[in-house]
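I write down each item as I find it.

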Amino acid sequence: MLDAIDLAAIRGERVVFAGLSFSLTAGEALLLTGANGAGKSTLLRLLAGLVPPAEGSLLWHGSDALADGPAHAARLRYLAHADALKPGLTLEENLTFWARLWGGDTESALEAVGLQGLGHLPARMLSAGQKRRAALARLALAPVPLWLLDEPSVGLDAASISLFGRLLAAHRAAGGMVVAATHVELPLADAATLRLGDMA
Amino acid sequence: MIALLRREWLLAARHPGDTLAAMLFFLLVTALFPFGVGPAPETLARLAPGALLASALLAALLPLDRLFAAEAEDGSLDQLLLSGLAPMQLALVKALAHWLTTGAPLLLASPVAAAMLNLPVEAWGVTVLVLALATLFLSLLGTAGAALTLGARRGGVLLPLLVLPLAIPAMIFGAAAIEAAASGVSWRPFVLLLGALTAAALPLAPLAAGAALRID
């Protein structure tokens, strides 16, 4: 379904990675590991279509995925380091905006990450872990085939990680794919691992 | 797009300080002129059209550098670029939201500013019309400027240097229209020219801003 062929990325004057190929089919998960600066986040941004690849191509069902930006964006969710919450808006207002764009129900998304009952709080009042869970709640809004997760478990407590594991399992059971960059164990059963930085 | 406009509106309502600051800035700058050139009514009336427009454009420039920078800092910009909206639509909504929360409130303050500068009352209506068009023009140009300077060091300083020279045509036609109205001659051609400028910027500036956002 998603095929990366000979991807390369350049940042500044430096080749971050090159000749990177992998493919994912429905229900599969890929873990990106590697030292800091090995290009995990760059690869995720590239897969999201936020930066163009210096070389190589990304195929979706066999045709160029990045040719139509908005269409590619519509089939993925990207969870970055930043939680993308507006501090002045309440948790519910933050999520409702995305629910209007993507569909889905704010209440049940909050419940999926254990934030039910906190919807009326301004996002600036939340702890770091709660903000992370609010960012994860965006994943639970409406189903899309591909999740790109950049260190999704940072700041989460054990209970939230198991909730997150349930979200991941449900997503994969429905045929969704996951690409996650991480330094720690994630609740992802039988995921393939791609170690970045070995080619350098 | 409606959802994004609603969000911008909600954000502005939650932080009314930005809107209020632009209004007060506008009033304060126009209030400075009588101190500088003396309170003689004729001198002030002669200065009024240019002073009103220049102050309004400067005031509308104030919140522009945060237009995309705030979104980029908290990670919202990446999410917005992946929201399914084309970058151009995103820029257009941002420009309209900037006008609604900065340009439009200046119109409310314009009678007060016009009174302080002794602009004849007959010209107040035209002043509101001219300021509406000129600030919309600046919102559009400024959005392109904000997108271009995003990520640049000291982008906040670069932005006015980039945008204000491009706003000179709006300044010329806008001031000419107010002056014409004040002296009782036809102001229509000037307003129409200003309208044409704004109409041209309406598709072009978001296009440029969208392209700049994609590169960042």
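**Cavities**

I started with the largest cavity, which holds about 40 Å³ of space. For the search, a 1 Å grid is laid over the protein atoms alone, and a cavity is a set of points where a 1.4 Å probe fits but cannot get out. Grid points are joined across faces, edges and corners, and a volume is the space filled by probe spheres set on the points. Rolling a probe the size of a water molecule over the atoms shows where empty space is left.

Before going on, I noted the ground rules. This is a predicted model, where local features need pLDDT of at least 70 and side-chain atom pairs count only at pLDDT 80 or more, while totals for chains, interfaces and linings use all residues. Residues are numbered from 1 along each chain as its sequence is written, chains are lettered from A and ligands numbered from 1 in the order in which they are written, and side-chain values use heavy atoms, with hydrogens and water left out.

Which residues line the largest cavity? I found Ala84(A), Lys86(A), Leu89(A), Glu93(A), Asn94(A), Phe97(A), Trp98(A), Arg7(B) and Ser76(B). A lining residue has an atom within 4 Å of a point. Helix H3 (residues 91-102) of chain A gives the largest share, four residues. Helices (H or I, at least four residues) and strands (E, at least two) are DSSP runs, numbered from the N terminus. I sorted this lining into four nonpolar, two polar and three charged residues. Here Ala, Val, Leu, Ile, Met, Phe, Trp, Tyr, Cys and Pro count as nonpolar, Asp, Glu, Lys and Arg as charged, and the others, Gly among them, as polar.

The count comes to two cavities of 30 Å³ or more. The second largest cavity has about 30 Å³ of space. Leu76(A), Arg77(A), Tyr78(A), Trp102(A), Gln79(B) and Leu82(B) line it. Strand S6 (residues 76-79) of chain A gives the most, three residues. By class, I wrote down four nonpolar, one polar and one charged.

**The parallel sheet**

I followed S6(A) into its sheet. Five strands of chain A form an open sheet in the order S6-S7-S8-S3-S9, with parallel pairing. The edge strands are S6 and strand S9 (192-195) of chain A, and each pairs on one side only. The twist averages 15 degrees from one strand to the next. Two strands pair if DSSP finds at least two bridges between them. S6(A) and strand S7 (residues 146-150) of chain A have four bridges. Which residue in S7(A) is the bridge partner of Arg77(A)? I found Trp147(A). Helix H6 (residues 158-173) of chain A packs on this sheet and touches S3, S7 and S8 of chain A. Contact means heavy atoms within 4.5 Å. The direction of H6(A) makes about 150 degrees with that of S7(A). Axes are lines fitted to C-alpha atoms, for helices over the stretch in contact, and angles run from 0 to 180 degrees between N-to-C directions.

**The antiparallel sheet**

Chain A has an open sheet of four strands in the order S2-S1-S4-S5, paired antiparallel. Strand S2 (14-24) and strand S5 (63-64) of chain A are the edges. Strand S1 (residues 2-11) and strand S4 (residues 55-60) of chain A share five bridges. In S4(A), Trp60(A) is the bridge partner of Leu2(A).

**Chain B: pocket and helices**

The largest pocket holds about 570 Å³ of space. A pocket is an open set with protein on both sides within 12 Å along at least five of seven lines. I counted 21 lining residues, with Glu8(B), Leu11(B), Asp18(B), Arg66(B) and Ala70(B) nearest the centre. The lining divides into seven nonpolar, six polar and eight charged residues.

Last, I checked helix H1 (residues 2-14) and helix H6 (residues 87-116) of chain B. Their axes come within 10 Å and cross at roughly 35 degrees.
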